[in-house]
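Thanks for coming. Please have the model open.

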Amino acid sequence: DQEYCPWNRCNKNKPSSIKLVDIKFKNIKGSSGNKDAVKLLCSKGFPCKNVEIGDIDITYNGKDGPATFQCSNVSPKLVGKQCPKACSSPVTKQPGH
């Protein structure tokens with residue numbers, strides 16, 4: 001999450017200037033403690049490049065619906081199973097953002 005801001009002491013108007021490339025998320029299985037099981041939130045100024053997502057299987061059994069997989073400023077290469085479906089949910093902002 002390139003928008004991560006501990007203690008809300010960040011300039012939200014300035015996107016991260018860190019460039020993230022060649023990232024692989026593979027063979028991730030388990031359960032999530034909340035509906036937002038996966039979030040790939042990349043910088044508007046330097047979108048993530050060459051990201052591969054393969055064989056993700058994360059469940060969530062809460063009353064507010066199934067697990068979600070959110071993406072922002074990234075177009076990942078998808079390989080294998082995606083549960084929840086990769087980049088299928090809109091990005092929701094945390095309170096105070």
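A search of the whole structure finds two disulfides, a disulfide being a pair of cysteine sulfur atoms within 2.5 Å. Before the details, the conditions: this is a predicted model, where local features need pLDDT of at least 70, side-chain atom pairs count only at pLDDT 80 or more, and totals for chains, interfaces and linings use all residues. Residues are numbered from 1 along each chain as its sequence is written, and side-chain values use heavy atoms, with hydrogens and water left out.

Take Cys42 and Cys48. Their sulfurs are 1.9 Å apart in a disulfide. The torsion about that S-S bond is about -100°, so the disulfide is left-handed. For accessibility I use relative accessible area: buried is under 20%, exposed is over 50%, and partly exposed is in between, with a 1.4 Å probe and protein chains only. Cys42 is buried at 5%, and Cys48 is buried at 9%.

The other disulfide joins Cys71 to Cys87, with S to S at 1.9 Å. Here the torsion is about -70°, so this disulfide is left-handed. Cys71 lies in strand S4, residues 68–72, and Cys87 in the segment after S5, so the pair ties together parts that are 16 residues apart in sequence. Strands here are DSSP runs of E with at least two residues, and helices are runs of H or I with at least four, numbered from the N terminus. Cys71 is buried at 15%, whereas Cys87 is partly exposed at 31%.

What about Cys83? Cys83 is in no disulfide, and the nearest cysteine sulfur, that of Cys87, is 14 Å away. Cys83 is partly exposed, with a relative accessible area of 29%.

Now the sheet. Three strands form an open sheet in the order S1-S3-S5, with parallel pairing. The edge strands are S1 and S5, each pairing on one side only. From one strand to the next the twist averages 5°. That angle is between N-to-C directions and runs from 0 to 180 degrees, with axes as lines fitted to C-alpha atoms, for helices over the stretch in contact. Two strands count as paired if DSSP finds at least two bridges between them. How many bridges join S1 to S3? Nine, and the two strands run parallel.

Last, the charged pairs. There are three salt bridges in the structure, each a side-chain nitrogen of Lys or Arg within 4 Å of a carboxyl oxygen of Asp or Glu.

Glu52 pairs with Lys26, the closest N and O atoms being 3.6 Å apart. Buried or exposed? Glu52 is buried at 12%, while Lys26 is partly exposed at 45%.

Asp57 and Lys81 form a salt bridge at 3.4 Å, N to O. Asp57 is in strand S3 and Lys81 in strand S5, residues 77–83, so the pair ties together parts 24 residues apart in sequence. Asp57 is partly exposed at 24%, and Lys81 is partly exposed at 46%.

That leaves Asp36 and Lys39, whose closest N and O atoms are 3.9 Å apart. Asp36 is partly exposed at 26%, and Lys39 is partly exposed at 23%.
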